Protein chains: 2
Amino acid sequence: MRRFVADVSRNLTTQRRRNSATCVLQHSTCSLFSSSQSQSSVVIPVRFLNTTSVDPSMASDYSGTPVTLDTINPKVLNCEYAVRGEIVTLAQNLQQELKENPGSRTFDEILYCNIGNPQSLGQQPITFFREVLALCDHPAILDRAETQGLFSADSIERAFQIFDQIPGRATGAYSHSQGIKGLRDTIASGIEARDGYPADPNDIFLTDGASPAVHMMMQLLIRSEKDGILCPIPQYPLYSASITLHGGTLVPYYLDEATGWGLEISELKNQLEAAKSKGISVRALVVINPGNPTGQVLSESNQQEIVEFCKKEKLVLLADEVYQENIYVPDKQFHSFKKVSRTMGYGEKDISLVSFQSVSKGYYGECGKRGGYMEITGFSPEVREQIYKMASVNLCSNISGQILASLVMSPPKVGDESYESYFAEKDAILSSLARRAKTLEAALNSLEGVTCNRAEGAMYLFPRIELPKKAIEAAKAANTAPDAFYARRLLDATGIVVVPGSGFRQVPGTWHFRCTILPQEDRIPAIVTRLTEFHKGFMDEFRD
Amino acid sequence: MRRFVADVSRNLTTQRRRNSATCVLQHSTCSLFSSSQSQSSVVIPVRFLNTTSVDPSMASDYSGTPVTLDTINPKVLNCEYAVRGEIVTLAQNLQQELKENPGSRTFDEILYCNIGNPQSLGQQPITFFREVLALCDHPAILDRAETQGLFSADSIERAFQIFDQIPGRATGAYSHSQGIKGLRDTIASGIEARDGYPADPNDIFLTDGASPAVHMMMQLLIRSEKDGILCPIPQYPLYSASITLHGGTLVPYYLDEATGWGLEISELKNQLEAAKSKGISVRALVVINPGNPTGQVLSESNQQEIVEFCKKEKLVLLADEVYQENIYVPDKQFHSFKKVSRTMGYGEKDISLVSFQSVSKGYYGECGKRGGYMEITGFSPEVREQIYKMASVNLCSNISGQILASLVMSPPKVGDESYESYFAEKDAILSSLARRAKTLEAALNSLEGVTCNRAEGAMYLFPRIELPKKAIEAAKAANTAPDAFYARRLLDATGIVVVPGSGFRQVPGTWHFRCTILPQEDRIPAIVTRLTEFHKGFMDEFRD
């Protein structure tokens, strides 16, 4: 402390010496060199304070603004993300309680059905993918004899191929900000094989999961609260959170529960006009297909209508296609919006389209790896450069995630050593998910006052619950939403964690919850029993 | 297309049916359940459009706003990030040219000295770290006999320990949004060992590199352009980019090149008062120590002054400490700002402090892994919950990066099987970096009109160049900044990529460039020769 005082006095002297110099310097404007400068003539100068000499007598009574809820960015305060909201905090507390006092409850574990996080509930990773990742992490063992005994021949070969694609063979280096070019080539080939239409590696932006890609597009498109984004209701709360954080307006369109969460163009039109009449400029339409939390899979003809709508209304189509591998019914199939639009004869000039994909979902469920990409088509070179610039500020996404994204888009093929085990693992996961979806759907539909649409895809069920008036009153008395009240009681009685429908938004006056289909299959009967018993007891307690 | 027309007519019918229903629903306000609702009474409702019935005749002439440079978020347009700016694009083109026409230039490779990306220039990863990561990626081999031959005993043991720390032993699951608790425990212990003061795992937020942590704090603190952040000039352009993207104002404070880029409190005070007089509310002070791009290491007494200043002025101290392991001179040492403030007797209630750390820097240089953390102290529980909510929207950072962040904060210890090889690898990298820094510094100082401060730490040199008037005129004629003109000519003549000082900002009228010390040691003599020859030729060409 003594040293501090001494230093201050030294600085008071230098302050006087420096004051005049800095003032002169700061009257000039910095000449700034950047990529954007060469790209366009509309660059607005950075907001960079040009300070001028100030009366030093003002100094003494200045004080900063302490960081409180009243002084932080209100957009942060507004933002909501129910998937990890209060119910999860309660569950974590309960888990701690069970750890400290085993046997204190009628159940002995917390079942996290609130989030699409398969490996947290025991799903095993696909062996081939993990073999390649391990070899890429520690290439020193690639040439060792013991490695042949531990890893499949095609995983070793694939690791060598990947190293050939990486500049300097360096998995520990920042990559190109869109991701390693060779990996983007592989992903583009995978998209071509899926869709039957060309894909350009330069359209691919690899990201840490799909979430940063969604944020990037919202940040690009939203200028103020006068910019709107059409979002389905119910929706995955990343969209409402991201729109809120970037200061835009969520323009809701309601999916029709009565027709299996159908997406009606008339509803889109109605909401677009309504938004326009309020002075909102709608920039984009979010479509989640397969749906989250609804689990519906759009028909190709419906997708065509959506493409036509976006083309006509000049909306960017933001297609959340992260559940493209999660379809459980034989009469439905995944079609990417890019394929649908190309099949309609529409190209780059007709529609701006972004497709989000993630390694967190599908049969792979590699949530912790944070891999993903967006494919952007139908944007001008100037706008694409701006998107590239945004990506470059964070340098690049993680390389393991990049590698994994390339692997899920180019898994082992017939004839590869790993193919049979790979296919068996994949098939076991997907067919088990389909069975689990069906069992849980049937169980929910058998409950009094519960109706649950068919789980065609994704990882969730979104049952509707008709709550007795007494339950609604009890919720009101507890100062919480009725579906949150139900979810808390469910957690308390069974250890099962679901997300109240209000976290996804829903038609006002209706109540739902989202429950994943992810608990391991041998746990499903017990879950059904616990859920059924709880629900019966709940209804008995609150029956009108 | 025929199907589309048919569907539209169907939907026109349903539209009429639905219009009245949706309107009624939308007049109600959604009841929203979220974590924030339970946290505070100041929650502002989400901006969620409540649409009402609209005259359908308005529908026909509505059209969206196409995505052009004029209609995207101007903050994105404003944002600049020179480290990956135009010079890098030119370098990439040149690299392609060399690939297609080898021998077309007097040099045969591009040397990327623009970015702190050690492994892209041949630095090898630390073996122990990569062994543990590989084992965590593919735990199936942990128990296999061949693994003993391929991996060190302590890497296998560490992998087992890490699996014990991960709920469900699942490296493929989303973790707690702050990162896996057990890994945060390890990091907190590492901080305690470094500083000699307690660290709380609940203060740690693991992030994908340090960049997302910086964005998170800017997003939290900046409400509008009336909020200012004090930043050093020259600065790492992540800060200016992030402040611009979040709509705040960068309040510059100039480091004093004459005193080895000294940080003078008088300058901070002067700029703070100047900002206040312009109606700017300054929220935080960014300090980069060791400095980027300047390479200076702050003295402890200087750090004490900074802490005192932030405490007095109620500024959040944002301490970029990612180069904490990169110090090359015996008379300087790294002291974390937390340690300094605790040594001064200041605790949680006295100062809000954020320390950023990254696995990309240090002797590890694992840029591609995107690991990092921030340690936040001195924030109220309510504000911390808001920071947690922001983290939760993106679910979690990548698990490999999380594991690596725990490893760099708890490397092998004396007695561990890997210790000797680990220490030898680390020492070889750091002592080589010190030699490279010294050689390049001397070479630069020997050039006509160039002065370069001592590289005490970090990974960069930031020499000042006195450019002849003719060169400045030539730059003007080429419509570019003089230092950018110099950097382009350097690239064109030698293949060496540096970043013009204007990308980091500098005292107007002075010119610099940033050059990393990262090329492998055996390349340094050739680089010095190429640089010296180029500079001589350049000065001869433009000498006044």
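## The second largest pocket

α4(A) gives the most to the lining of the second largest pocket, with eight residues. This is a predicted model, in which local features need pLDDT of at least 70, side-chain atom pairs count only at pLDDT 80 or more, and totals for chains, interfaces and linings use all residues. Residues are numbered from 1 along each chain as its sequence is written, chains are lettered from A in the order in which they are written, and side-chain values use heavy atoms, without hydrogens and water.

A pocket here is an open set of points on a 1 Å grid over the protein atoms alone, where a 1.4 Å probe fits, with protein on both sides within 12 Å along at least five of seven lines, and lining residues have an atom within 4 Å of a point. The second largest pocket holds about 1,300 Å³, a volume being the space filled by probe spheres set on the points. Its lining has 40 residues, and A:Gln92, A:Gln95, A:Tyr112, B:Pro167 and B:Gly168 lie nearest the centre. At least two lining residues come from each of α4 (86-100) and β1 (111-112) of chain A and α7 (153-165) and α8 (181-195) of chain B.

## Helix α7 of chain B

The 13 residues of α7(B) should span 18 Å at 1.5 Å a residue, which agrees with the 19 Å between its end C-alpha atoms. Among the residues of α7(B) that are buried are B:Asp154, B:Arg158 and B:Phe163, where buried means under 20% relative accessible area with a 1.4 Å probe, protein chains only.

Conventions: Helix = DSSP H or I, 4+ residues; strand = E, 2+ residues; numbered from the N terminus. Expected span 1.5 Å × (residues − 1). Buried < 20%, exposed > 50% of the residue type's maximum accessible area, 1.4 Å probe, protein only.
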